[in-house]
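Take a walk through the structure below.

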Amino acid sequence: MLIVAETTGPSTHDPLTLRSALAVFRRHLEGTACVDAVHGAACPCQILGKLYGPRRYHCRKLFCSAYVSGFPTKAARDQHVEAHSRNFKCPKSDCVFASTGFRSSLELSRHTESAHRVLDTPSSSVSVSGSSGSSLTVLLPHDQQLVVEDAVTNSQLATVQHLILVERLATDFHSRQRFILSAAAHSTPELLTWLLDSHPAAKNSDAGDNRTLDEALGAAIDRENLPNIKFLLSRGADIMANSTPSLSPLLRALRRWNGDLMGFLVRECGVTLPRKWPEPDKMLSPANIFGTPHLARASLEEIKRRFAALKPYVLWPEAYKFGTCRAAESGRPPLLRFSLEIGGDPNKTDTPGTTPLLESVTHSGSDGLEMIEMLLKAGADINSTNHWTNLVRRDATRDFTVLYWVAISAGGDGGLTKAKLLLERQANPNLGISPLYAAVLRGKAEMVKLLLQYGADPSPGGEQKTIDKLKGMQRVEKYFAAPWNDIVGRIQAGEDLEGGLRRKRN
Amino acid sequence: MLLLFYLTSDYLGRPANRGRYLLDEQSNHFMNLADAHLKAALVCLTYLSYSSLDTLFPETEVSGIDGQILGGDFVFLEYSVLEYMEHIKGWMRHKRPQDSAETIFAALGRLFDDRGSAAFDQSAPSEVFMGEFAPFQSQPALQRSLASAASFLTGARIGMIEVDGEYNDNDCWKLGLRQSC
């Protein structure tokens, strides 16, 4: 009974021989099946299928999902194995991908661009070989930092070691921190390892050190530096880390809108996506993927194409529902249109104190107008109110409408076009804090006229001063060259009151 | 025994479903989760120690494996090799009755006796993995073996260990788990 397998387990790291037994079994299982496509009456395949299931051909790579799941035919398995042979090698000899390689030329070129970006100033211009005696410490601290960072970005491990250990350049804590982030973004795992291990904080690996790892992971993700991402994850960086004020690494990855990157994280790095997104105080909402800076000039088609690849990894309903607000915030009409198309809510948001409509009116020009139209068409409530808290007296909160926000906005035509659009669409000028009061306060005469034309109450209550005592009132009266009561009366009677400071000056 | 035959009988369909059946709703929550993990772990461990599996282990392969395959001797092999660790971990996660520990200790001890690898170098596993198996503290040898096994499985899953079971030293950077690269 007691058979100790002496040598069948070739791994010196596995205390059990189960894996090699499984390999033996699988080899025999494949050998038992017939090779013909058409199974004869006497062929054992039917029995095998009954006993061992339909997927009896497995990948031999232990880390591969097909090691467990298998394939129904030998041909399918062999085709899959091809994918593991990575024939596109990185030409840089000191790069880990020189031996590992990539599956396609596209992956290779993406890697070269992100990991081996050559800076305008070649680092060879910094002569460090014959520097015995000559000290670079005469450089200003900031220049020292740049010299080392240049070497870091170009993955020159020996140079970096020399500069830091021998020349003692930029050895302060914050410079080291910064080099780690640069290395994570542009360099190789070897250099990153050295920087992390020689980092002053590495000695006492406490919470601060983990924070460095998480930040580095975020930097690597931002530059899609795949080797470093995998390395940092294996070293214990937490992709779910809550690193306020910057976004968590997972969110930064999602914001790339790159399905391949997410696939790499999940399949190759073993990242498990959370079924349920953490509470807002633990991690910012997944709706933030619509606040991405990476789709600034993307067309609707491009957005659709990239989201199709990203979608399998966006598992959280709130990402879809609340994306509108972030899309509006980004000021990109195609992005907003897309987020509405996939079911984004034109009214609700998971961020207190704002709505998609309010975000879109803050953007000037035709983009802002287009987004307002889009949201109204999708059913956004034009008269919804937002909450405004007095920063000094927090109990003194007041509601304001989108129209109020437009009425106080500066720049361009001072929000006139947008206010006109809103008023034409039945925006109520007498809701919440009075837009008219705000316009008078700022002396915006044309805005005052517009609001009065659409029925704004000329003497709004609930303010500290009455409207005619406001400082801006003088400007309004001067603009129309008439007293306030006169202005109100004539505009309400339907007169198109002409005004202008220049004419007055004449 | 009855349980094992029950599990591996045909009507459950694909092998991947066998065993998991214990934990699923289909069984009408016949067992609670801790109990289910315990029973499933015991089934896996016991099965892997069966003498009918001995043919798969020695270096010089013996004839008759093909016959055994057709006879259905290995129907439970895939599942138990791939999942036994998950069940042990599942059992540890839940509140454990004292007596259940003894049965697990016994089954694991037998497994390491029967299927232990002579090639394994006895270097101490990392503390992370040792800590994970704290419930085995009273059995230091078992704890060490389990921690090494778990460390190996983790390494395998994240691509540290190539098909022949050896660490790929060129890619050692991939793993912070191993200190001595």
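Helix H17 of chain A, residues 323–330, is mostly covered, with 8 of its 8 residues buried. Buried means that 20 or more other C-beta atoms lie within 10 Å of a residue's own; 12 or fewer means exposed, in between is partly exposed, and C-beta atoms are placed from the backbone. Helices (H or I, at least four residues) and strands (E, at least two) are DSSP runs, numbered from the N terminus. The model is predicted: local features need pLDDT of at least 70, side-chain atom pairs count only at pLDDT 80 or more, and totals for chains, interfaces and linings use all residues. Residues are numbered from 1 along each chain as its sequence is written, while chains are lettered from A and ligands numbered from 1 in the order in which they are written.

The buried residues of H17(A) include A:Cys325, A:Arg326 and A:Glu329. What covers them? The cover includes helices H16 (317–321), H18 (333–341), H19 (356–361) and H20 (365–377) of chain A. Just after H17(A) comes A:Gly331, with a positive phi of about 75°.

Now follow H20(A) to helix H22 of chain A, residues 416–424. The two pack at an angle of about 15°, and their axes are 10 Å apart. Axes are lines fitted to C-alpha atoms, for helices over the stretch in contact, and angles run from 0 to 180 degrees between N-to-C directions. H20(A) and H22(A) are therefore roughly parallel. Angles under 35 degrees count as roughly parallel, over 145 as roughly antiparallel, 65 to 115 as roughly perpendicular and the rest as oblique. On the H20(A) side, A:Gly368, A:Leu369 and A:Ile372 meet A:Thr417, A:Lys418 and A:Leu421 of H22(A). The contact residues divide into 3 nonpolar, 2 polar and 1 charged. Here Ala, Val, Leu, Ile, Met, Phe, Trp, Tyr, Cys and Pro are nonpolar, Asp, Glu, Lys and Arg are charged, and the others, Gly among them, are polar.

Another pair sits in chain A: helix H8 (residues 157–166) and helix H10 (residues 189–198). Their axes come within 10 Å and cross at roughly 20°. That makes H8(A) roughly parallel to H10(A). Their crossing is right-handed. A:Leu157, A:Val160 and A:Gln161 from H8(A) meet A:Glu190, A:Leu191 and A:Trp194 from H10(A). This contact has 4 nonpolar residues, 1 polar and 1 charged.

Next, a loop. A:Leu295 lies between helix H14 (259–268) and helix H15 (300–310) of chain A. Is A:Leu295 buried or exposed? A:Leu295 counts as buried because it has 20 C-beta neighbours inside 10 Å. Not counting residues up to four places away in sequence, A:Leu295 touches A:Trp257, A:Ile303, A:Arg332 and A:Leu335. Such a contact needs C-beta atoms, placed from the backbone, within 7 Å.

Finally, the nonpolar cores. A nonpolar core is a set of buried Ala, Val, Leu, Ile, Met, Phe, Trp, Tyr and Cys residues joined through C-beta atoms within 7 Å. The largest has 96 residues, and A:Val148, A:Leu217, A:Leu232 and A:Leu451 have the most contacts inside it. Apart from that core lies another, of 45 residues, including A:Leu51, B:Ile65 and B:Phe133.

Chain A as a whole has 27 helices and 2 strands. Of its 506 residues, 38% are buried.

How values were computed:
Two residues are in contact if their C-beta atoms, placed from the backbone, lie within 7 Å. A crossing is left-handed if the near helix is turned anticlockwise from the far one by less than a right angle, and right-handed if clockwise.
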